[in-house]
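Open the model in your viewer and keep the selection panel at hand. This tour goes stop by stop.

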Amino acid sequence: MNAFFSFRRLWALLAKEFIQMRRDRVTFAMMLGIPLIQLVLFGFAINSDPKGLPAALVTTSQDRYTRAMVSAMEATGYYRFDHVAASAAEAEALMAAGTVSFIVTIPSDFARRVLRGDHPQILIEADATDPSVASGAISTLGTVAAQALLREQGAEAQAAREQANALQVVVHRRYNPEGITQYNIVPGLLGVILQMTMTMMTAMALTRESERGTMENLLAMPASPMEIMLGKVLPYLAVGAVQVVVVLSAAKLLFGVPFSGPMPLLLTGVMIFVFALVLLGYTISTAARTQMQAMQLTFFFFLPSLLLSGFMFPYRGMPGWAQVLGEIFPLTHFLRVVRAIMLKGADYPAVATEMSVLVLFVFAYAAIALRRFRRTLD
């Protein structure tokens with residue numbers, strides 16, 4: 001037998017590695033699951049030019065010219081008029097809550113101005129907290145509206161062509177009129193950084209105890225599963241608080257991101273989100289046997305959350321099934337809260353639904369962690 005190289009020894013080592021890979025189901029799932037997730041999400045779910053965006057219509061007139069404007073906007077595929085607001089204040093509340101992306105206001109004297117050639121106007125207010133969402137819908141609006149008005153005038157089209165061209169579409173980009181990308185990205189980075197660090201650190205909490213052989217000492221203590229869980233996760237809340245201060249300070253001092261809403265409400269939402277994340281990490285730690293598995297499971301959760309939450313790509317640009325999947329991630333709801341408070345100046349009623357969902361995540365993760373802890377450590 002050659003002491004330098006032997007195919008028999010190499011085959012034995014290869015067989016051993018394949019057996020070990022087969023037993024490590026988490027690693028095997030990562031090798032197959034991550035490429036499939038990336039293919040499906042990037043191939044089917046990601047869309048940088050969202051259409052079918054919800055819009056609110058503010059008008060008191062039902063004349064044929066108003067109906068023509070609404071029909072033409074819907075025909076572009078960008079606008080979906082789900083709400084007819086009775087007043088501008090009602091439409092404003094819908095936009096502050098993130099329910100609609102556009103507010104279309106058609107004045108009551110629109111038809112009279114068209115007939116008199118008195119420079120008719122319509123007002124489009126766009127939620128520009130994510131500049132990429134509104135750009136496509138706004139760019140096509142002027143031409144489409146003018147053509148619709150021209151068609152509606154019918155036999156008078158030739159004589160009234162100059163009047164039709166005089167149609168003015170006034171566009172107001174709300175909350176981020178200059179379309180600064182940092183205003184959308186930096187608040188989102190707060191959630192991404194917290195999710196990546198908080199979940200991973202707490203996911204390694206119990207697995208570190210098991211690998212170092214100190215789990216027996218932990219179990220020998222006269223402490224309940226609830227006390228052990230809180231003892232493990234509460235210190236990381238302090239770490240999360242430090243990260244929050246660093247990111248928010250950088251957002252204000254380096255990038256000039258506006259802080260329009262109440263700071264106590266923002267900090268409350270952040271702490272609920274951090275608490276949900278540390279409990280999620282603790283839940284992952286009850287399923288992982290090693291720190292490597294804990295990191296792999298964390299990444300397996302982190303990747304789809306990053307892609308489906310609306311941080312990297314417009315949430316409303318994804319198909320319906322992808323939006324449903326995105327709702328199961330805490331990051332999706334936190335991004336809505338932090339952007340609404342920081343950029344829109346939203347108060348509690350505007351973010352109450354999303355805050356309530358984050359609280360539900362806290363209770364759900366705590367219940368799963370306690371159940372897993374009792375079952376795996378008995």
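How many residues does helix H15 (residues 330–344) have, and how far does H15 reach from its first C-alpha to its last? Select 330–344: H15 has 15 residues and reaches 21 Å, close to the 21 Å expected at 1.5 Å a residue. That expected span is 1.5 Å times one less than the number of residues.

Before moving on, note the ground rules. This is a predicted model, in which local features need pLDDT of at least 70 and side-chain atom pairs count only at pLDDT 80 or more, while totals for chains, interfaces and linings use all residues. Residues are numbered from 1 along each chain as its sequence is written, and side-chain values use heavy atoms, with hydrogens and water left out.

**Stop 1: the whole chain.** Show everything as cartoon. The chain holds 16 helices and 5 strands. Helices (H or I, at least four residues) and strands (E, at least two) are DSSP runs, numbered from the N terminus. Of the 378 residues, 47% are buried. Buried means under 20% relative accessible area, exposed over 50%, and partly exposed in between (1.4 Å probe, protein chains only). The accessible surface is about 19000 Å², and 63% of it belongs to carbon and sulfur atoms. These areas come from the Shrake-Rupley method with a 1.4 Å probe; for residues, only the protein chains shown count as cover.

**Stop 2: back to H15.** Colour 330–344 by burial. Of the 15 residues in H15, 14 are buried. Step on to Gly345, which follows H15 and has a positive phi near 70 degrees.

**Stop 3: the sheet.** Select the strands. All told, 5 strands form an open sheet of mixed pairing, in the order S2-S1-S3-S4-S5. S2 (79–85) and S5 (168–174) stand at the edges with a single partner strand each, so one side of each has no neighbour in the sheet. On average, neighbouring strands are turned by 25 degrees against each other, direction ignored. Axes here are lines fitted to C-alpha atoms, for helices over the stretch in contact, and angles run from 0 to 180 degrees between N-to-C directions. Two strands pair if DSSP finds at least two bridges between them.

**Stop 4: strand S4.** Select 121–127. S4 pairs with S5 in the parallel sense over 7 bridges. On its other pairing, with S3 (residues 102–105), the sense is antiparallel over 4 bridges. Pick out some partners: Thr105 bridges to Leu123 in S4, and Ile124 bridges to Val171 in S5. Is S4 enclosed or open? With 5 of its 7 residues buried, S4 is largely enclosed by the rest of the structure.

**Stop 5: Asp127.** Zoom in on this residue of S4. Its bridge partner in S5 is Arg174. Asp127 is buried, at 10% relative accessible area. Which side chains does the side chain of Asp127 contact? Show Thr129, at 2.8 Å, and Lys344, at 2.9 Å. Both are polar contacts: a pair of N or O atoms within 3.5 Å, where within protein one must be able to donate a hydrogen and the other to accept it, and residues adjacent in sequence count only if both atoms are side-chain atoms. Lys344 also belongs to the residue range of H15.

**Stop 6: helix H3.** Finish at residues 64–75. H3 has 12 residues and reaches 16 Å, close to the 16 Å expected. Its buried residues include Tyr65, Met69 and Met73. At the start of H3, a side-chain oxygen of Asp63 comes within 3.0 Å of the backbone nitrogen of Tyr65. Just after H3, Gly77 takes a positive phi of about 90 degrees.
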